[in-house]
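Thanks for coming. I have one structure to go through, so let me put it up.

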Amino acid sequence: MLADGAILASGSSAALELDREGFVELADHYEAGDLQIIDRDATMQEGIHASIRFLVGASREIKFVNAGFPVNFDGRSCSLPAHMVQGTRALLYGAATQVIDEGSVGLNVLDAQVDEWIFKNAVKYFD
């Protein structure tokens, strides 16, 4: 079960992890109550990459960032050159492996040594 205020963001190379269409279909199926899209008209006006907020039950809100598409997708086939996004990918990988190793949940600080190593090795590509 997702907590109130949960933010769902995809970090993959394709729109696979989040079933945006399924959530929208469920919201369309339930007139009111179990699942609703918050401010549907305003969201549609923002375009295909707008974040979608859902009301679950009477009071819990969740959000699909970038409409469930990977957060680095902005509509272009390649939103950043590889050398510019590699540091971000390394940070995501470092954070994911740290969470798996520690088994902790919630907001965590990235290990300082990992952060420093990624910084030193990624920044040299920004000349």
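Predicted model: local features only at pLDDT ≥ 70, side-chain atom pairs only at ≥ 80, totals over all residues.

Residues are numbered from 1 along each chain as its sequence is written, and side-chain values use heavy atoms, with hydrogens and water left out.

The protein has four helices and four strands, in the order β-α-β-α-β-β-α-α from the N terminus. These are DSSP runs: H or I of at least four residues for helices, E of at least two for strands. Of the 127 residues, 24% are buried, meaning under 20% relative accessible area with a 1.4 Å probe, protein chains only.

Now the core. The largest nonpolar core has 13 residues; such a core is a set of buried Ala, Val, Leu, Ile, Met, Phe, Trp, Tyr and Cys residues joined through side-chain atoms within 4.5 Å. Among those with the most contacts inside this core are L8, I37 and F64. Two or more residues each come from β1 (6–8), β2 (35–37), β3 (52–56) and β4 (60–64), and β3 gives the most, with three.

Take F64. Beyond four places in sequence, F64 touches L8, L18, D19, R20, F23, A50, S51, I52 and F54, where contact means heavy atoms within 4.5 Å.

Last, S10, in the loop between β1 and α1 (20–29). Is S10 buried or exposed? S10 is buried, at a relative accessible area of 2%.

Methods: Buried < 20%, exposed > 50% of the residue type's maximum accessible area, 1.4 Å probe, protein only.
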